[in-house]
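Please find below some notes on side-chain contacts. They cover charged pairs and aromatic rings.

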Amino acid sequence: MLRLRSWAIEMKQFTSRGGVRLDFFNATWPFATLAVNREKIEINVPVARIVGESRYLFPAVSVLSVERYSSIPFVGWGIRIHHRINRYPSKVVFWTFRSPTDVLTSIEETGFPVAAKLVRK
């Protein structure tokens, strides 16, 4: 008799509420959510439906880099996602009240394969 074991691998996920910049469109806190696991980065911004898509899914293979982004310290800081999905806005910034360094560390802890893609300027 052959017994098969099933292995469930727990997938660690990081989520955060904030705002988002999609090229010219900007949604402030709390109108966006960021969810990251080892396979993808996902940004949901329901109010963006008025200008296009409201869900942006970035599989790990489509992410070129994730870096700190700041325009005004403590108010205008977050992370920028550089990607290769042509139909998505080229400028994707997730705004957060958390330190961008903390957000990058949390992303790294999910197992998202960005060790070489994280840029901490």
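Is Lys40 buried, partly exposed or exposed? Lys40 counts as partly exposed, because its relative accessibility is 21% (buried means under 20% relative accessible area, exposed over 50%, partly exposed in between, with a 1.4 Å probe and protein chains only).

1. Basis. This is a predicted model, in which local features need pLDDT of at least 70 and side-chain atom pairs count only at pLDDT 80 or more, while totals for chains, interfaces and linings use all residues. Residues are numbered from 1 along each chain as its sequence is written, and side-chain values use heavy atoms, with hydrogens and water left out.

2. Salt bridges. The structure holds 3 salt bridges, a salt bridge being a side-chain nitrogen of Lys or Arg within 4 Å of a carboxyl oxygen of Asp or Glu. One of them joins Lys40 to Glu42, with the closest N and O atoms 3.3 Å apart. Glu42 is buried, at 11% relative accessibility.

3. Strands (E, at least two residues) and helices (H or I, at least four) are DSSP runs, numbered from the N terminus. Arg55 is partly exposed, at 42% relative accessible area.

4. Loop-to-loop bridge. Glu53 and Arg87 meet through their side chains in a salt bridge of 3.7 Å, N to O. Glu53 is in the loop between S3 and S4, and Arg87 in the loop between strand S6 (76-83) and strand S7 (92-95), so the pair ties together parts that are 34 residues apart in sequence. Glu53 is partly exposed at 31%, whereas Arg87 is exposed at 61%.

5. Aromatic pairs. The count comes to 4 aromatic pairs. The ring centres of Tyr56 and Tyr88 are 5.0 Å apart and the planes stand at 75°, so this pair is edge-to-face. Rings of Phe, Tyr and Trp (its six-membered ring) pair if their centres lie within 6.5 Å; planes under 30 degrees apart count as stacked, over 60 as edge-to-face and the rest as tilted.

6. Tyr56 is buried at 6%, and Tyr88 is buried at 7%. Phe58 and Tyr88 also pair edge-to-face, at 5.2 Å centre to centre with 80° between the planes. Phe58 lies in strand S4 and Tyr88 in the loop between S6 and S7, so the pair ties together parts that are 30 residues apart in sequence. Phe58 is buried, at 0% relative accessibility. Tyr56, Phe58 and Tyr88 form one aromatic cluster.
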